[in-house]
Amino acid sequence: MKPINIGLIGCGFMGRTHSNASRKVNHFFDLEYQPVLKAVCDVDESRGKPFMAKWGYESYEADWRKLIARADIDLVDITVPNNLHREIAVAAAQ
């Protein structure tokens, strides 16, 4: 399987659910990709760093702009509140 490096933005409830799904997706579907939990981002370091360790992410960013600029991120997973999605999604798509 080919690795796909995930950058997760947001460490709340949806961040946990998406992290769990990334870790288990290959048990449910035959995919050509293997998710790699590459980086997690949260503005609150006291929440982000423990989240990184608990879920097995390789690194932490405090600024989502730094995460989306990283060359080693293939997929940006946005799990912040819905009203914050647009700016992040547009910037990531560019």
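Colleague: Which residues form a nonpolar patch on the surface, and how much accessible area do they have together?

Modeller: The model is predicted, and local features need pLDDT of at least 70, side-chain atom pairs count only at pLDDT 80 or more, and totals for chains, interfaces and linings use all residues. Residues are numbered from 1 along each chain as its sequence is written, and side-chain values use heavy atoms, with hydrogens and water left out.

The patch consists of Phe-28, Phe-29 and Leu-31, and together they have about 350 Å² of accessible area (Shrake-Rupley method, 1.4 Å probe, only the protein chains shown counting as cover for residues). Patch members have over 30% relative accessible area and no salt bridge; nonpolar side chains (Val, Leu, Ile, Met, Phe, Trp, Tyr) are joined within 5 Å, like charges within 9 Å. Phe-28 counts as exposed because its relative accessibility is 63% (exposed is over 50%, buried under 20%, partly exposed in between; 1.4 Å probe, protein chains only).

Phe-28 lies in helix H1, residues 13-28 (helices are DSSP runs of H or I with at least four residues, strands runs of E with at least two, numbered from the N terminus). The sheet is open, with four strands in the order S3-S2-S1-S4 and parallel pairing (two strands pair if DSSP finds at least two bridges between them). Its edge strands, S3 (59-61) and S4 (75-78), each pair on one side only. From one strand to the next, the twist averages 35°. Strands S1 (residues 2-9) and S2 (residues 33-41) run parallel and are joined by eight bridges; Pro-3 stands opposite Gln-34 in S2. H1 packs on this sheet and touches S1, S2 and S4, its direction making about 155° with that of S2 (contact is heavy atoms within 4.5 Å; axes are lines fitted to C-alpha atoms, for helices over the stretch in contact, with angles from 0 to 180 degrees between N-to-C directions).

Strand S2 also holds Lys-38, whose side chain meets that of Glu-58 in a salt bridge at 2.8 Å, N to O (a side-chain nitrogen of Lys or Arg within 4 Å of a carboxyl oxygen of Asp or Glu). Glu-58 is in the loop between helix H2 (45-55) and S3, 20 residues apart from Lys-38. Lys-38 is buried, since its relative accessible area is 17%.
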